[in-house]
Amino acid sequence: MIANPANNSITVNIFGVYEITFSLTNQIVAIGSSQYSIFFNNTTNITTSNIFFQANVVLLTTRAPGEKTILTTLNPNDVITVRPTAVVGTNSYGNPTLIVTKVF
């Protein structure tokens with residue numbers, strides 16, 4: 001695997017089944033929501049690869065950690081990234097991690 005910090009991606013070199021875990025701490029100011037998803041070659045499956053945060057209290061800053069782990073089959077040159085897919089209000093995130101482990 002090749003990590004590319006310039007575009008926040010990991011490229012797979014070998015065909016196989018991989019465990020992919022990403023986590024981050026999301027901060028929402030006042031009312032808002034955000035969703036982050038794992039992308040494979042610029043495509044995502046929202047039902048299996050997303051993490052969602054929501055705050056409904058006015059004028060309250062909410063910080064919430066979140067994590068998602070999936071198993072998937074990947075091919076050589078598949079590129080993995082994590083991106084926001086839906087953001088409402090003022091959001092920020094910190095402490096992001098993306099861990100890719102070949103299982104089979």
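Which residues form a nonpolar patch on the surface? In this predicted model, the patch is made of Leu71, Val103 and Phe104, and their accessible area together is about 340 Å². Two of these residues, Val103 and Phe104, belong to the segment after β6.

The chain has 1 helix and 6 strands. Along the sequence they follow the pattern β-β-β-α-β-β-β. Of the 104 residues, 34% count as buried. The accessible surface of the chain is about 6100 Å², and 57% of this belongs to carbon and sulfur atoms.

The interior comes next. In soluble globular proteins, nonpolar side chains tend to be buried together. Here the largest nonpolar core has 14 residues, and the members that touch the most others are Ile20, Ile38, Phe40, Leu74 and Ile80. Three strands, β3 (16–40), β5 (61–74) and β6 (79–102), each supply at least two residues of this core. Strand β3 gives the largest share, with 7 residues.

Ile20 shows how one member of the core is surrounded. Apart from neighbours within four places in sequence, Ile20 is in contact with Ile38, Phe40, Leu74 and Ile80, each of them also named above, and with Lys68, Thr69, Ile70, Thr72, Leu98, Ile99 and Val100.

Ile99 lies in strand β6. Not counting residues up to four places away in sequence, Ile99 touches Glu19, Ile20 and Thr21. The C-alpha atoms of Ile99 and Tyr18 are 9.9 Å apart in space, while the two residues are 81 apart in sequence.

Val88 is another residue of strand β6. With 49% relative accessibility, Val88 also counts as partly exposed. When neighbours within four places in sequence are left aside, the contacts of Val88 are Ile31, Gly32 and Ser33. Val88 and Ile31 are 57 residues apart in sequence, with a C-alpha to C-alpha distance of 8.2 Å.

Because Tyr36 lies in strand β3 and Tyr93 in strand β6, the pair ties together parts that are 57 residues apart in sequence. Are the two tyrosines buried or partly exposed? Tyr36 has a relative accessible area of 4% and is therefore buried, whereas Tyr93, at 49%, is partly exposed.

Asn42 is not a glycine, yet has a positive phi of about 70 degrees. Its place is the loop between β3 and α1 (46–49), and Asn42 is exposed because its relative accessible area is 61%, above the 50% limit. Asn77, again not a glycine, has a positive phi of about 75 degrees. Asn77 is found in the loop between β5 and β6, and its 59% relative accessibility makes Asn77 exposed.

Val103 has 38% relative accessibility and so counts as partly exposed. Phe104, at 66%, counts as exposed. Where does Phe104 make contact, beyond residues up to four places away in sequence? The residues that Phe104 touches are Gly16 and Val17. Phe104 and Gly16 are 88 residues apart along the chain, and their C-alpha atoms are separated by 5.6 Å. Gly16 falls in β3, which spans 16–40, so a residue of the surface patch is set against the strand that supplies the largest share of the core.

Key
Residues numbered from 1 in each chain as written. Predicted model: local features only at pLDDT ≥ 70, side-chain atom pairs only at ≥ 80, totals over all residues. Heavy atoms only, no water. Core = buried A, V, L, I, M, F, W, Y, C linked by side-chain atoms within 4.5 Å. Buried < 20%, exposed > 50% of the residue type's maximum accessible area, 1.4 Å probe, protein only. Helix = DSSP H or I, 4+ residues; strand = E, 2+ residues; numbered from the N terminus. Contact = heavy atoms within 4.5 Å. Patch = residues over 30% accessible without salt bridge, like charges linked within 9 Å, V, L, I, M, F, W, Y side chains within 5 Å. Areas by Shrake-Rupley, 256 points an atom, 1.4 Å probe, with all protein chains shown as cover. Salt bridge = Lys/Arg side-chain N within 4 Å of Asp/Glu carboxyl O.
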